[in-house]
Amino acid sequence: MKTITLTQLAMLLLGTSSFCIQAAPTPLEQRIAHGEYLSRAGDCAACHTAPGGQPFAGGLKMTTPVGAIYSTNITPDRKNGIGEYSYAEFADAVRQGIRKDGSHLYPAMPYPSFVKINDDDLQDLYLYFQHGVKPVAQTNKDSDIPWPLNMRWPLAAWNMLFRHDGTYQVDTQQNTTWNRGAYLVQGLGHCGSCHTPRGIGFQEKALDQTESEYLSGGTLEGWHAANLRGDKVTGLGRWSVQDIAQFLKSGHTEKSAAFGSMTDVVQDSTQYLSHDDLQAIAVYVKSLKPVGDSAPEPTRDDKTYQALASGKVTQTGAQIYLDNCAACHRSDGLGYKNTFPALAHNPVVLSKDPSSLISIVLKGSHVPKTQSAPTGLTMPDFGWRLNDEDIAQLLSFVRTGWGNQAEPVSASQVSDIRADLPKADIKH
């Protein structure tokens, strides 16, 4: 008969055994793990991983008004990545946009936001990228920006004009939750990179809530990132704190769904944030005052539903909607809860800028695959099936149906966005 020690007996009584003892993580391991969490919060993989590529090895193509640039390798590979970077050099790249060799990064790297990351978090990020990421020997690609526009020295002047120094400073007039949300949104989350309009120098027009243009919506590469302020028509004025937190966790609410690059943000970043951090972000965003959009607040109008349901589709674009959209978004424009978003009174539909609507119809869309919503439902693309005039009529119908009150879409607006799409995105 096999005997056991008193220690082994105690372990068995506690539900463990000597064969499955796991050592507590070391302080270094804890910091590396925290750095990984922070890299999720910063969505570093989204820009530094090309489609089908190795994590953080770079190569993602990003379009700018003067040509395409490609994200860099930030794995700890010593030749191609950041394996030779000291912490100070890493901090300069993240906060100031200055590489190890002293040259300037293009501000597609959101260092104007990352400057707000505090020292402890930045050190943990450095530890993660040096010790928690697999090195990949992938060379960096040169930009497609022609000479002399590809010279980097003018970026020093850009930084003097548009970059502000200093980590995030706590607002003593606000509580801890609000400040945590502000720190994440303004810094690591760099939400303003997409959701804040750009100025003449392609700079964000505002970097925090003290200016009304901050997070009031921005357009990039044929997509309009929504107004996140408190406007009831085009913003989040009718969303609750819980709606915002749920959206960031799952990629949808009962009436809306993520689209465009926000799909990747939810899928690769925000779904992994803690409950407390999601609540903090939601509390901060919900505190943003309306930007003052003068659009009339929509009221329910059943005339559109009655016409579609009866088949009396005399309004321009109505038949196109019935043939292509009604099965999922319904004749009443309300969609299906947590599945297909509503089109009636949807802030994206009512936005002054219809770029996102046009891009969704042309290219299709899909909701994020998350732990809480693993299905990843897809909307097909219609760019191959509908011409520019068809899409303009369809979206004009949607933007004026069910009580929606938004400006019509023109065929030229559709044509402009279609022209910028890679040929592979339009099937024939």
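**Entry 1: terms and ground rules**

I begin with burial: a residue is buried when its relative accessible area is under 20%, exposed when that area is over 50%, and partly exposed in between, with a 1.4 Å probe and protein chains only. I note that the model is predicted, that local features need pLDDT of at least 70 and side-chain atom pairs count only at pLDDT 80 or more, while totals for chains, interfaces and linings use all residues. Residues are numbered from 1 along each chain as its sequence is written, and side-chain values use heavy atoms, with hydrogens and water left out.

**Entry 2: backbone details in the loops**

I looked up Asn338, which lies in the loop between α15 and α16, where helices (H or I, at least four residues) and strands (E, at least two) are DSSP runs numbered from the N terminus. Its phi is near 60°, a positive value in a residue other than glycine. Asn338 counts as partly exposed because its relative accessibility is 36%.

Arg330 is placed in the loop between α15 (326-329) and α16 (347-350), and its phi, near 70°, is a positive value in a residue other than glycine. With a relative accessibility of 26%, Arg330 counts as partly exposed.

Which residues does a cis peptide bond join? I found Trp147 and Pro148, with omega at about 5°, and Pro148 sits in the loop between α6 and α7 (154-162).

**Entry 3: the nonpolar cores**

I then turned to the nonpolar cores, each a set of buried Ala, Val, Leu, Ile, Met, Phe, Trp, Tyr and Cys residues joined through side-chain atoms within 4.5 Å. In soluble globular proteins, nonpolar side chains tend to be buried together. The largest core here has 52 residues, and those with the most contacts inside it are Phe90, Ile117, Leu125, Phe129, Tyr284 and Val285. Among the elements that give two or more residues to this core are α2 (27-41), α4 (87-96), α6 (119-131), α8 (176-188) and α12 (275-286). A second, separate core has 27 residues, including Leu395, Phe397, Val409 and Leu421.

Leaving aside neighbours within four places in sequence, Tyr284 is in contact with Trp178, Gly181, Ala182, Val185, Gln186, Gln209 and Tyr214.

**Entry 4: the second largest pocket**

For pockets I wrote down the rule: on a 1 Å grid over the protein atoms alone, a pocket is an open set of points where a 1.4 Å probe fits, with protein on both sides within 12 Å along at least five of seven lines, and lining residues have an atom within 4 Å of a point. The second largest pocket has a volume of about 970 Å³, which is the space filled by probe spheres set on the grid points. Its lining has 42 residues, of which His48, Thr72, Ile74, Arg99 and Leu105 lie nearest its centre. At least two residues of this lining come from each of α3 (44-48), β2 (67-70), α4 and α6.

How many of the lining residues are nonpolar, polar and charged? I found 21 nonpolar, eleven polar and ten charged.

**Entry 5: the first annotated site**

An unreviewed UniProt entry places the feature "binding site" at Cys44, Cys47 and His48, and the lining of the second largest pocket includes Cys44, Cys47 and His48. UniProt annotations of this kind may be inferred rather than shown by experiment.

Cys47 is found in helix α3 and, at 29% relative accessibility, counts as partly exposed. Not counting residues up to four places away in sequence, Cys47 touches Leu60, Met62 and Ser71.

Is His48, also checked, buried or exposed? His48 counts as buried because its relative accessibility is 14%. Leaving aside neighbours within four places in sequence, His48 is in contact with Phe56, Ala57, Gly58, Ser71, Thr72 and Ile74.

**Entry 6: the other annotated site**

The unreviewed UniProt entry also places the feature "binding site" at Cys191, Cys194 and His195. I found Cys191 in the loop between α8 and α9 (192-195), and at 24% relative accessibility Cys191 counts as partly exposed. Cys191 is in contact with Val185 and Leu215, leaving aside neighbours within four places in sequence.

His195 lies in helix α9 and is buried, with a relative accessible area of 13%. Not counting residues up to four places away in sequence, the residues that His195 touches include Leu215, Ser216, Gly217, Gly218 and Met262.

Key. Contact means heavy atoms within 4.5 Å. Ala, Val, Leu, Ile, Met, Phe, Trp, Tyr, Cys and Pro count as nonpolar, Asp, Glu, Lys and Arg as charged, and the others, Gly among them, as polar.
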